[in-house]
Amino acid sequence: MKLYQKPKTPTDLPVLKPFVVSGSKTWSMETFGTITADRRILVAFAIFLIAWLSVDVVYAQIQSDTNQSAFATLIKWTPLMLLGPPGELGGFVLNIVVSFIAMALGTFLGLWLGLGQISLNPIIRRSSWAITQLFRNSPWLVLLFYIMLLMPFRVTIAGVDFDIPGWWKAAFALSLPIMANISEIVRGAIASIPTGQWESAESLAFSRTQTIWQIILPQCVKRMLPPWMNWYCILTMSTPLVSILGVSDGMSLTQDALAAESRSEFLIPMYLWLMSWFFIYSYPIAKLTRRLEHRFAVNE
Amino acid sequence: MSTTTAWSPDQPIVSIKDVYKSFGELEVLKGINIDVMKGEVICIIGPSGSGKSTLIRCINALNNINSGSIKVKGMEVNNLELDKLELRKEVGMVFQQYNLFPHKTALENIMMAPLKVLNQPIKEVEEKARQLIERVNLVGKESSYPGELSGGQQQRVAIARSLAMNPEVMLFDEVTAALDPETVNEVLLAIKDLAQKGMTCILVTHEMGFAREIADHIYFTDRGVIVEHGPPATFFTEAKDPRTQEFLSQIL
Amino acid sequence: MDVVWEWFQWLNSEHGIKLTIFYDEWDRNRFFGGIWTTIHLSLVCMALSIVIGMGGAWLQMSKFIWIRRIVQGYIQFFRNTPPLVQLYFFYFAVDSALASVTGIEGGVFSSYGWAVISLSFFAGAFNVEIFRAGIESVPKSMVEAADSLGFTSFQVFCYVTMPLAYRVCLPALNNNLINLIKTTTVAYAIAVPETLYISNQIWSDEYNVPEMMNVVWGVYIILVGILVAIMHRWEKSIRVPGFGN
């Protein structure tokens, strides 16, 4: 079953056009997290980063009385910052893992919560709305604290003790605001389907459940995809919050590395190094989101 | 009041009695009485806002009525306990905005309801669907998506889609109003074919020539009441009520 | 007022619900001080981020390609890197570099100051896009009409473009500002004495984590709720029929 048409003509990548920021055609509240940009930005950023690092290396060389350059320091600490302590899951990889888990869980829960918001049962509808509003309006760090401090770290299932790792709790905590925002996306997408679709399905004797799953939701997938991807980017940018609660992610290991070196010349390069990983991960996703948005808008 | 009374072919298949309907303060239907026998073709005409679309939507229980009775094949539509799904299996509706499912091909649109609602075997359903495509003259367009079809083609798919459920009554709510004049004809031909093969049709339409051609009975509504009705032979030439005459003189 | 505080004391002795922020004056003062810090931190960042956003949108309309590129670079940097890391970057790395360059001991700005700078630039990056989209939503024909009436381009911007643009911007802008209140919690990481940080200190002293967590959560819900209500009222009041939505 095809969910959407393939476009008739291939979409143009604005690679070789002169650098102009073009306007957003389907601008909505959810698109403020993405932006049209040229591949040249990535190049420009890379150049900037390399230039800065080089300047800093030179500066550090002039200042320092040891042989270790900033660049060598970066390389030395990268395995730890990226992968975590040996034998343990940590570092930037942990950030990504947490983002996957939180997004998957949040999407699943959010779908049901969004369907709950359009339920015919007033109790379900109102409580779904209340839960959505509650978790939409809560600061993510507060939720992290709440879950990580108040959720037990050891559970006993069928007589066996399970230690719940901190990052599991963190992933769950981050999935809650995602759940709320996905719920809003689902509700909004369903509301944007013309009532004529509901009516014709009704006239063909489809039940409400059948109508929602066979006719309405398949049409919603396309319009939910860009805001969904946008929230994934926002989520990934929020995963370093877990470092505040003691999880050994990329941020906290970077701080550990800096503390171990205790050289102020390395501060800027190390932070920029970590930020560039996030940038390189997130920027293509944001760009893809933008392209999908444009393509879906054009084909509507 | 039970939901279903026994129905036999000598009784009207659609029986509308003393139907009143208001939207909040605004009263849209003020005592409508219409009887439709099986196989008859009824056209409802009138100025905008006269309640014609509301009436036809009430027959299919898309809108509720405030008082009165609508019986379709013995099923009482105004009864809250009525199984709407049972009603919709007997009544097919075609809308002004076609409302095809954009994520399915033409053939899949036609096949969806019998497959999912009536749970009929897929081979049967597909064969019937292809026959219906042929009947509405769209051979070759089975794998096209609604976005690739013209308005008239989409409307014909919509007709075929409703026919796939084998309804006893077909309702048409101004189905040609959103079409270009060139494509109106192809849709009217499809409806005419239906009518000639004995389908009970209730049409709300502005196409007077078409109404005159295929209708067995014409009803003129204005401001929520049926002002006048009669067979086309006498209705268009011997209209008695001044409102009817005024309306007809404006459009003919 | 003392009656209220005493009720909370009773709550503690009878039910074990320890809410010292109500009956203990020291805790009460610092807790409400923390809330006030959150409020004025949010307001300052809102104002500054709007200024940055408008400035960035204005610069993006510039003829010079390098100005546009720099603005683009700024936006992409702040949008594709984590706000917490940005904050640390400013507070530790940039502060230290600035201090050694200018010779100022102990940091150029306080933690509050760097929080303002970091959060304002973060929110400002989103605002630039919001304002730009709003400006572009104003039909060219209206700008041409104003031009042909003899307005200077600055007057066109003030009297025609911005009034129409800001009606389109407002929902997204409000959303961003509401997010700003939630994002101020990140200042916890650099020991800005805002609500979350103060509450942490209190529950460390008084060992009443569950009570304090619930209170903190509730406080933020209320703060955000108030802002949401104000924003809705504002959006409703400026609605122009037929334009925007």
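Reader: Is B:Ala61 buried or exposed?
Author: B:Ala61 is buried, because 21 other C-beta atoms sit within 10 Å. Buried means 20 or more other C-beta atoms within 10 Å of the residue's own, exposed means 12 or fewer, and partly exposed is in between, with C-beta atoms placed from the backbone. This is a predicted model, where local features need pLDDT of at least 70, side-chain atom pairs count only at pLDDT 80 or more, and totals for chains, interfaces and linings use all residues. Residues are numbered from 1 along each chain as its sequence is written, while chains are lettered from A and ligands numbered from 1 in the order in which they are written.

Reader: Where is B:Ala61, then?
Author: B:Ala61 is in the loop between α1 (52-59) and β4 (67-72) of chain B. Helices (H or I, at least four residues) and strands (E, at least two) are DSSP runs, numbered from the N terminus. Phi of B:Ala61 is near 60°, a positive value in a residue other than glycine.

Reader: Which residue of chain A has a positive phi although it is not a glycine?
Author: A:Ala205, with a phi of about 70°. A:Ala205 is in the loop between α7 (195-203) and α8 of chain A, and A:Ala205 is buried, with 24 other C-beta atoms within 10 Å.

Reader: New topic: how many residues does each of chains A and C put into their contact?
Author: Chain A gives 40 residues and chain C gives 44 residues. Contact here means C-beta atoms, placed from the backbone, within 7 Å.

Reader: Which helix supplies the largest share of chain A's side?
Author: That's α10(A), with 10 residues. The side of chain A that touches chain C has 33 nonpolar residues, seven polar and no charged. Nonpolar covers Ala, Val, Leu, Ile, Met, Phe, Trp, Tyr, Cys and Pro, charged covers Asp, Glu, Lys and Arg, and the others, Gly among them, are polar.

Reader: Back to chain B. What angle do α3 and α4 pack at?
Author: Helix α3 (residues 106-116) and helix α4 (residues 122-135) of chain B pack at about 135°, with their axes 9 Å apart. Axes are lines fitted to C-alpha atoms, for helices over the stretch in contact, and angles run from 0 to 180 degrees between N-to-C directions.

Reader: And which residues meet there?
Author: B:Leu107, B:Ile110 and B:Met111 are among those in α3(B), and α4(B) brings residues including B:Ile122, B:Val125 and B:Glu126.

Key. Two residues are in contact if their C-beta atoms, placed from the backbone, lie within 7 Å.
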